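Dear colleague,

Please find below the structure that I am handing over to you, together with its sequence.

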Amino acid sequence: MPFSSKKITNLLKSWLKTSLLLLLLVNLSIGLSAAAWWDSGSSQTPQKRESILPPGNAITNPKALLRYALPIDNQPIRKIQSLLESISDELRAKRWKPIEGYISKVEVILKTQDDQILQDIPEAKQAEAQALIAQIQADLNSLRTAVVAENKPSTQQARNQLLDLVGEIESLMVKEFPFEVPSEYSHLPQLKGRATVQMETEFGYLTMVVDGYSAPVTAGNFVDLVQRGFYDGLEFTRAEGSYVLQTGDPPGKEEGFIDPKTGEYRNIPLEILLRGYDKPIYGITLEDAGLYREKPVLPFSAYGALAMARPEEEPDGGSSQFFFFLFEPELTPAGLNLLDGRYSVFGFVTEGKEVLEKLKRGDKILSAKVIEGAENLQSPQSI
């Protein structure tokens with residue numbers, strides 16, 4: 001059947017929109033990126049390991065990305081997580097029977113493999129983990145009730161609450177920091193774990209989870225600057241349409257952070273942990289490293305991704321400027337943009353999306369503070 005004129009027009013609009021997107025992302029990349037170095041023969045070259053992210057379509061939920069980024073390998077809890085996350089797909093199509101099946105599978109895993117879940121929990125945290133498992137079992141009943149009633153909002157809410165509990169169990173499984181940061185970065189703050197930052201703006205609050213397991217140097221720098229009050233009162237100085245919102249330089253200056261102890265510019269390297277690798281790659285884009293097919297553990301696939309900006313011609317030139325990526329599924333397909341592998345993503349906005357949607361150039365950060373995980377920040381003196 002031939003296309004109608006209306007359909008042809010829609011196809012042309014879609015093609016034009018995609019073409020404009022590619023041009024925009026190229027421009028963004030040129031405007032923010034910088035060349036860098038990486039010795040591919042160095043002893044610091046990361047080794048591949050079993051993938052820590054599931055195959056298939058790119059994940060667009062920030063909390064799911066953070067759960068999968070945890071350095072753990074407990075198959076029963078990962079299966080529970082996957083089953084609960086899959087509920088969203090069925091819920092969109094209002095397929096209630098498959099959801100009941102997922103609930104039953106989770107119940108079976110909790111009954112038959114609870115010992116396998118608990119074996120990866122340190123002894124001191126066993127009681128807490130057992131209480132979380134019991135809470136999941138109880139909350140599954142609420143989820144089933146919502147599904148039987150075909151109540152979509154209640155089902156989504158119950159599912160989200162269960163995933164938060166699963167995330168808490170997964171966090172308990174992390175016994176130690178999973179790798180050594182190269183010694184050339186020992187003069188920089190490092191986040192050996194995670195921290196939660198709350199940012200107050202003129203429109204409300206943003207809550208961000210900063211992931212030191214995936215980007216310890218980049219995350220450590222950000223948390224250190226938050227602790228110093230560096231971002232308090234700063235304006236958002238760059239807004240590229242509905243794709244990027246950037247801040248991080250003091251008013252009237254474009255110099256990044258000058259360390260008061262040394263009087264020098266603090267340089268932060270490009271830092272990217274790839275799926276299946278045991279430590280991040282430093283100082284080079286994936287393109288320049290020839291790793292075209294590899295995917296970052298923290299990708300630009302979720303609205304509110306936090307990333308470090310860099311000057312175009314300065315290798316490892318990041319400092320204090322960072323940006324929020326304002327992901328739009330229609331225009332920036334997950335896993336198909338030009339920013340992955342060119343910038344260090346170090347966390348995600350987990351609460352306050354509606355606030356982030358309102359912010360624009362000229363708006364201010366009233367304050368930023370670490371509300372959880374400050375103890376994971378290691379200063380250069382203690383590293």
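The notes below take up a helix, a sheet and the aromatic pairs in turn. Please bear in mind that this is a predicted model.

Helix α3

Helix α3 covers residues 75-92, which makes 18 residues. From its first C-alpha to its last it reaches 27 Å, close to the 26 Å expected at 1.5 Å a residue. At its start, a side-chain oxygen of Asn-74 comes to within 3.1 Å of the backbone nitrogen of Ile-77. Just after the helix, Lys-94 adopts a positive phi of about 55°. The buried residues of α3 include Ile-77, Ile-80, Leu-83, Leu-84, Ile-87 and Leu-91, and also Arg-78, Glu-85 and Glu-90. The partners against which the buried residues of α3 pack are α2 (62-69), α4 (96-112), α5 (114-118), α6 (126-148) and α7 (152-172).

The sheet

An open sheet is formed by 8 strands with antiparallel pairing, in the order β4-β5-β9-β8-β10-β3-β2-β11. Its edge strands, β4 (236-240) and β11 (365-372), each pair on one side only. From one strand to the next, the twist averages 25°. Strands β2 (residues 194-201) and β3 (residues 204-211) run antiparallel and are joined by 8 bridges; Met-199 stands opposite Leu-206 in β3. Two helices deserve mention here. Helix α2 packs on the sheet, where it touches β2, β3 and β10 (345-351), and its direction makes about 135° with that of β10. Helix α8 (residues 216-227) also packs on the sheet, touching β2, β3, β8 (305-308), β9 (322-325), β10 and β11, with its direction at about 115° to that of β11.

Aromatic pairs

The count comes to 15 aromatic pairs. One of them, Phe-300 with Phe-325, is edge-to-face, at 5.3 Å centre to centre and 85° between the planes. Phe-300 lies in the loop between α9 (286-289) and β8, while Phe-325 belongs to strand β9, so the pair ties together parts that are 25 residues apart in sequence. Phe-300 counts as buried because its relative accessibility is 0%, and Phe-325 is likewise buried at 0%.

The rings of Phe-323 and Tyr-343 have centres 5.7 Å apart and planes at 85°, so this pair is edge-to-face. It links distant parts of the chain, with Phe-323 in strand β9 and Tyr-343 in the loop between β9 and β10, 20 residues apart. Phe-323 is buried at a relative accessible area of 0%, and Tyr-343 is buried at 2%.

Finally, one aromatic cluster is formed by Phe-222, Phe-230, Tyr-231, Phe-236, Phe-257, Phe-322, Phe-324 and Phe-346.

With kind regards

Technical notes: Residues numbered from 1 in each chain as written. Predicted model: local features only at pLDDT ≥ 70, side-chain atom pairs only at ≥ 80, totals over all residues. Heavy atoms only, no water. Helix = DSSP H or I, 4+ residues; strand = E, 2+ residues; numbered from the N terminus. Expected span 1.5 Å × (residues − 1). Buried < 20%, exposed > 50% of the residue type's maximum accessible area, 1.4 Å probe, protein only. Contact = heavy atoms within 4.5 Å. Polar contact = N/O pair within 3.5 Å; in protein donor to acceptor, adjacent residues only side chain to side chain. Pairing = 2+ DSSP bridges. Axes fitted to C-alpha atoms, helices over the stretch in contact; angles between N-to-C directions. Phe/Tyr/Trp six-rings, centres within 6.5 Å; stacked < 30°, edge-to-face > 60°.
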